[in-house]
Amino acid sequence: MKKQKQKQSKGEPKAGPEEESHTCCGCRFPLLFAFLQLALGTSVTALGFLMAGISSSLPVRDTPYWAGILVCVVSLVGFVMLCVSYQPDEKTCLQFTAKLMYFILSALALIACVLAVAFAAHHYVQMSRFTCNTILESCLCKLDTEDPLSRSFIYQDVADCGSLTSMLHLYLPLQMGLNLVAALVCLSACFVVWKHRYQVFYVGVRFYPLTATEGQQQKV
């Protein structure tokens, strides 16, 4: 009996402090990132639909609700990860799949948010040079009124060009700010998942057999 107990103690090292730190539900994954992504994604989506309601001719790239929806999906995958039972070294297929999906979707959300910031910034810079006139419930804006070949933009279903430009001057910086913060959060989440995968579990697990062999040598 004593020999069997000694074999079990030697062959099965005790859980290290890194494994014990993940016993609680909130410690399995940074819960703050999931909440931030949900809040930012909801805000970006709501603001995008509000911008789409200003004029029916606004392109999809200038109403980035698509970026907000993707960030919300990423946050939901993060919450699913919290429900998966923690196993060190990602021994379960479900845990590995959830973490991989979260990493890939976070990277895609990062790209989408950066594109949304670029589109909003481009539109905002163009609006600072617009000269707009109201024509038959639509707003005709030109970059250069003296050049007949200058590019023109038509915003349909608009009663007043002044209200349109003032609302866009408010909404576009908000979109840039929200999407920039969402991009930073998604980048941080990708870094945390990568660090959690390659700098916590494998480094710690590799040291367990070494400590066990060292203990055996000391006993001998």
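Two strands count as paired if DSSP finds at least two bridges between them. Strands (E, at least two residues) and helices (H or I, at least four) are DSSP runs, numbered from the N terminus. The model is predicted: local features need pLDDT of at least 70, side-chain atom pairs count only at pLDDT 80 or more, and totals for chains, interfaces and linings use all residues. Residues are numbered from 1 along each chain as its sequence is written, and side-chain values use heavy atoms, with hydrogens and water left out.

Three strands form an open sheet in the order 1-2-3, with antiparallel pairing. Strand 1 and strand 3 (152-156) are the edge strands, and each pairs on one side only. On average, neighbouring strands of this sheet are turned by 20 degrees against each other, direction ignored. Here axes are lines fitted to C-alpha atoms, for helices over the stretch in contact, and angles between N-to-C directions run from 0 to 180 degrees.

Strand 1 (residues 131-134) pairs with strand 2 (residues 138-142) over four bridges, in the antiparallel sense. Cys-132 stands opposite Cys-141 in strand 2. Asn-133 stands opposite Leu-140 of that strand. Three residues lie between the two strands of this hairpin, where Leu-136 takes a positive phi near 50 degrees.

Val-158 lies in the loop between strand 3 and helix 6 (161-219). Its relative accessibility is 6%, so Val-158 counts as buried. Buried means under 20% relative accessible area, exposed over 50%, and partly exposed in between (1.4 Å probe, protein chains only). Leaving aside residues up to four places away in sequence, Val-158 touches Ile-54, Ser-55, Glu-137, Ser-138, Cys-139 and Leu-164. Contact means heavy atoms within 4.5 Å. Val-158 and Ser-57 are 101 residues apart along the chain, and their C-alpha atoms are separated by 9.8 Å.

Helix 3 (residues 31-54) has 24 residues. From first C-alpha to last it reaches 35 Å, close to the 34 Å expected at 1.5 Å a residue. The expected span is 1.5 Å times one less than the number of residues. Buried residues of helix 3 include Phe-33, Gln-37, Leu-40, Val-44 and Ile-54. Helix 4 (residues 65-83) has 19 residues and reaches 28 Å from its first C-alpha to its last, close to the expected 27 Å. Among its buried residues are Ala-67, Val-71, Cys-72, Met-81 and Leu-82.
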